[in-house]
Amino acid sequence: MSMIGNMALATALLVSGVGSALAATEADYKAALAAAESAEKDAATLRNRWTKTESTLAAAKKAAAAGDFDAAAASAREAEALAKASILQATSEKTHWKDMEIR
Amino acid sequence: MTIDRFSSTRRLVLKGTSAVALIGLGVDLGFGSAPALAAANDKYPEEAFKLKSDKDAIHGLYGKTAEASDKVKLDAPEIAENGAVVPISVTTTLANVTSISFFASENPNALAASYIIPEGTLPAVANRLKLAKTCNVIAIVESGGKLYSATKEVKVTVGGCGG
Amino acid sequence: MASTIRVRASNSGDTTEVQALIQHPMDSGYVKDAKGQVIPPHFIQQLTFEHNGKAVFLADWGPAVAKDPYVKFSFKGAGKGDDLKISWVDNKGATDAITAKIQ
Amino acid sequence: MRVRTILLTVAAALSTAALACFAASAIAAPDTPDPVADAKAFRKYFTDKFPKVKLEDFVNGPYSMNEDMRKQWKEKEEFPPYEFALDAGKEMFSKPFKDGKTYADCFPNGGIGIRQNYPYFDEKEGKVITLELAINRCREANGEAPYSYVKDEMASLTAYMAFTSRGKPMDIKIPNDPRALAAYENGKRYFYTRRGQLNFSCASCHVQSAGEHIRAEVLAPALGIMNALPIYRSEWGGMGTTSRRLVSCNSQTRAVPLEPQSDEYRDVEYFLSYVANGLPISGPGSRP
């Protein structure tokens with residue numbers, strides 16, 4: 001992956017992380033959660049889940065159970081951003097781990 | 001069990017008048033009354049362990065104040081590798097030592113441990129204590145009825161309250 | 001059950017050096033468990049060492065003595081092969097005792 | 001906003017890494033795994049970084065490089081906190097299973113003095129076998145339930161088995177089998193791969209920052225780190241196995257740990273043990 005690719009992806013993540021300020025519905029939350037869980041599944045396949053993603057997913061579900069879909073959708077989006085960052089990390093490290101190797 | 005040490009002041013303070021009376025009796029009767037005496041002498045200084053500050057705890061245990069002495073050698077690390085297990089020891093060149101105690105200024109209760117040194121036992125103790133945070137460790141040596149102290153600051157970054 | 005008390009008592013000339021390690025949680029009462037419940041205080045209060053029926057060392061301990069406590073001291077007047085009796089009692093009234101041979 | 005900070009940090013780290021890699025890949029030739037050269041370079045890195053530390057002393061981790069801590073350690077070692085685990089392990093080791101057999105029947109030399117040969121590569125199975133795994137397989141083969149890899153029983157047993165092997169030089173072999181070399185490479189890759197939200201690899205702490213402080217702790221050098229296991233950690237208030245050590249390391253980087261004895265963990269143990277060949281077994285150890 002090139003440096004430009006990295007920056008572009010990171011910027012894209014940033015934007016998605018900020019999200020919309022409008023009130024969220026249950027449907028918004030469910031869509032955000034599905035996206036987050038799908039990304040976290042990919043992270044698990046890459047053997048690189050983050051604890052923060054897991055706790056943020058749990059927070060999203062807790063907020064949804066309490067009927068606070070604004071908070072739930074926001075947490076789900078944050079979890080997706082975190083999961084995507086962990087995927088980015090794992091993908092990048094497929095080659096970059098060698099930078100740290102003692103030779 | 002018997003303790004053939006009658007002079008120590010620490011027990012007197014804690015047990016109040018009844019203990020004083022018992023010890024008086026013990027001295028009068030000599031060694032024959034050792035078991036009764038021991039029962040009184042062994043009493044755990046519960047109240048002193050409950051006091052918060054090191055000053056109160058020293059006073060609570062001994063009923064007097066200590067003077068710093070370079071004859072008390074306190075050995076403790078500069079930085080505790082973990083506050084849950086801090087090796088601390090004391091030796092002294094003072095004579096007629098009857099007890100040695102350890103206090104930690106910033107622990108919830110300052111008194112950590114107190115040891116009775118009967119005649120024939122060397123005035124040196126090593127133990128492992130918990131330190132909640134960076135604090136002064138104070139060792140008190142009771143010698144000839146007087147208190148002598150040594151103090152050392154131990155830095156603690158991983159607190160021993162988790163121990 | 002193995003004893004909670006481990007002792008090493010070694011005689012050299014007139015002096016016997018004693019080291020003891022005791023298996024005990026020494027819970028201070030200031031620590032919470034994983035569920036946020038305070039673990040009640042549970043600590044050894046008194047530890048005694050006797051030689052020929054005479055106390056040669058007596059410890060009064062509070063909860064600030066480290067878990068699995070350790071103590072070292074030396075006394076005079078014992079010889080190799082003598083018995084050294086060690087016993088403790090904790091704040092819940094539990095006790096243990098062992099008699100060790102001085103080496 | 002917190003998300004922003006997280007991502008910016010990762011992005012910055014990754015782009016720097018990408019740059020560095022560009023520069024490197026332009027010159028570097030394609031790699032063929034060379035464990036012998038790796039081990040030599042690994043050792044040289046640490047002996048150059050810590051010229052005062054004797055090679056065999058690296059197995060004592062942070063205590064090899066900090067005088068104040070070394071003194072605390074020496075005092076603890078007079079009556080070490082793993083003493084009870086060691087006694088329990090000895091008792092467990094000699095106690096027969098329900099079928100009358102013992103651990104001694106499962107291991108070479110009756111299980112005594114063999115710690116230095118683990119983990120080994122099993123050519124039949126094509127996988128790395130660690131001591132902890134071998135212990136549980138022994139139990140299951142004799143009709144006993146396996147132990148948890150992160151709890152006291154396993155730590156006690158391995159403590160005893162390490163104790164009977166103290167001083168013996170680590171002796172890990174990579175057989176002439178492409179799968180063995182692949183397992184070794186996989187372990188090496190795991191060791192150097194950044195993970196978790198903190199973007200740390202094992203090497204970030206135990207190579208680049210070895211000997212430095214995190215809070216009051218001095219980070220152990222990676223060289224010989226396996227030789228001291230299992231360990232009593234004051235932080236844990238108890239014993240920990242190799243599995244527990246790896247799991248807790250992962251958690252500290254805010255990565256979700258893998259299952260104990262997963263291929264990655266077995267392989268990284270294989271790699272770290274191999275590069276410590278020749279260094280003495282010092283386990284069980286005690287650590288802050």
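Student: How many of the residues of strand 6 of chain B are buried?

Tutor: Please keep in mind that this is a predicted model. To judge burial, one counts neighbours, and a residue is called buried if 20 or more other C-beta atoms lie within 10 Å of its own. In this case strand 6 of chain B, which spans residues 111–116, is mostly covered, since 6 of its 6 residues are buried.

Student: Which strands are joined to strand 6 of chain B by bridges?

Tutor: Strand 5 of chain B (residues 97–104) is joined to strand 6 of chain B by 5 bridges, and the two run antiparallel; B:Phe102, for example, stands opposite B:Ala113 in strand 6 of chain B. These two strands form a hairpin, with 6 residues between them. Strand 6 of chain B is also joined to strand 4 of chain C, by 4 bridges and again in antiparallel fashion, and there the bridge partner of B:Ile116 is C:Leu58.

Student: How many residues of chain C are in contact with chain B, and which strand of chain C gives the most?

Tutor: An interface can be read from each side in turn, and here we take the side of chain C. On that side, 30 residues of chain C are in contact with 34 residues of chain B. The elements of chain C that give two or more residues to this side are strand 3 (44–51), strand 4 (54–61) and strand 5 (70–76), and strand 4 gives the most, with 8 residues.

Student: In what order do the strands of the open sheet stand, and why is one side of some strands left without a neighbour?

Tutor: To read a sheet, one walks from strand to strand and asks which partners each has. Here 6 strands form an open sheet in the order 2(B)-4(B)-7(B)-5(C)-2(C)-1(C), with antiparallel pairing. Strand 2 (72–75) of chain B and strand 1 (5–12) of chain C stand at the edges, each with a single partner strand, so one side of each is left without a neighbour in the sheet. From one strand to the next, the twist averages 15 degrees.

Student: Where do the two chains pair within this sheet?

Tutor: Strand 7 of chain B (residues 124–129) pairs with strand 5 of chain C in the antiparallel sense, over 2 bridges, and B:Asn127 stands opposite C:Val71. Within chain B, 6 bridges join strand 4 (residues 86–92) to strand 7, which run antiparallel, and B:Thr91 stands opposite B:Ala124.

Technical notes: Residues numbered from 1 in each chain as written. Chains lettered and ligands numbered in written order. Predicted model: local features only at pLDDT ≥ 70, side-chain atom pairs only at ≥ 80, totals over all residues. Contact = placed C-beta atoms within 7 Å. Pairing = 2+ DSSP bridges. Axes fitted to C-alpha atoms, helices over the stretch in contact; angles between N-to-C directions. Buried ≥ 20, exposed ≤ 12 C-beta atoms within 10 Å, placed from the backbone.
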